[in-house]
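Hi,

I'm passing along a structure that I've been looking through. Please open it first, and then read my notes on helix packing and strand pairing below.

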Amino acid sequence: MLAVEKLNKAFGALQVARDISFHIEKGARHAIIGPNGAGKTTLFDLLTGAIKADSGRILFSGENITRAGMDVRARAGMARSFQQNNLFADMTVSENLLTALVVARGYGCNMWNRFVGSDKLATDVIKSAEKIGLADALSEPASGLSYGMQRQLEVGLAMAADPKLLLLDEPTAGMSPEETKLMLALVASLPVSLTVVIIEHDMDVVFQIAQQVTVLDDGAVLFEGTPDAVRHSDVVRARYLKRAK
């Protein structure tokens, strides 16, 4: 589903990505971990096209998207949530999901016609809310939701595009233990055909979700392997896990 080959990026003298390479199979659950400043969010920015690589290649579903724009990558099936909630705060849960569905389906391209299939849209909003555990909060403004529920809604917005690849940036950051459990359940409920890549600091979350883990350090791949291999790696424990406790 995703192949990253010798990806490099620098801002002046600051090298933020150094020959990053890894492959992710369709339907995989893959975690990206590393200390603060390791280049994790920068990697997501490179994958989604928010910033462009200086060299290297990104292959998505077999297509070279290294120079493609963010819109092209989104239409190809790549979706992302962010470290900080990126919601329409004054709009309700229903309106947030409706907006995401309208944009994802291209209905907003024609401003002069009423939405096609509005009844289906209304039904799909309810289905989307049910999938993320917010069916009872459709009329609530996003700003009035708990932090954990806002994070659930952000995943719902990303899922509105029916993506092939979902990138989750710190989905449990700042959550209570109970909210973390709900997010874990939400991720576990995602379609098995969907490829999920997650940046996460909570090692308990990583070891519950991920089948494969890439460890970044100073913009480069330090280690890659199964959660068990990462847990028992001397180099990972020396450079990262001790600091993550």
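Contact here means heavy atoms within 4.5 Å. Helices (H or I, at least four residues) and strands (E, at least two) are DSSP runs, numbered from the N terminus. The model is a predicted one, in which local features need pLDDT of at least 70 and side-chain atom pairs count only at pLDDT 80 or more, while totals for chains, interfaces and linings use all residues. Residues are numbered from 1 along each chain as its sequence is written, and side-chain values use heavy atoms, with hydrogens and water left out.

Let's start with the helix pair. From α5, the residues Tyr147, Gly148, Arg151, Gln152 and Val155 meet Glu179, Leu182, Met183 and Leu186 of α6. By class, this contact has five nonpolar, two polar and two charged residues (Ala, Val, Leu, Ile, Met, Phe, Trp, Tyr, Cys and Pro count as nonpolar, Asp, Glu, Lys and Arg as charged, and the others, Gly among them, as polar).

How do the two helices lie? The axes of α5 (residues 147-159) and α6 (residues 177-188) come within 9 Å and cross at roughly 15 degrees. Axes are lines fitted to C-alpha atoms, for helices over the stretch in contact, and angles run from 0 to 180 degrees between N-to-C directions.

Now the strands, where two of them pair if DSSP finds at least two bridges between them. An open sheet of six strands has the order β6-β7-β8-β3-β9-β10, with mixed pairing. Its edge strands are β6 (78-81) and β10 (220-225), each pairing on one side only. From one strand to the next, the twist averages 20 degrees. α5 packs on this sheet, where it touches β6 and β7 (165-169), and its direction makes about 155 degrees with that of β7. Within the sheet, β3 (residues 29-33) and β8 (residues 195-199) pair in the parallel sense over four bridges, with Arg29 opposite Val196 in β8.

β1 (residues 2-11) and β4 (residues 55-60) are antiparallel over five bridges, and Ala3 stands opposite Leu59 in β4. Leu59 also stands opposite Asn64 in β5. β4 and β5 form a hairpin with two residues between them, and Ser61 in the turn has a positive phi of about 55 degrees.

Happy browsing!
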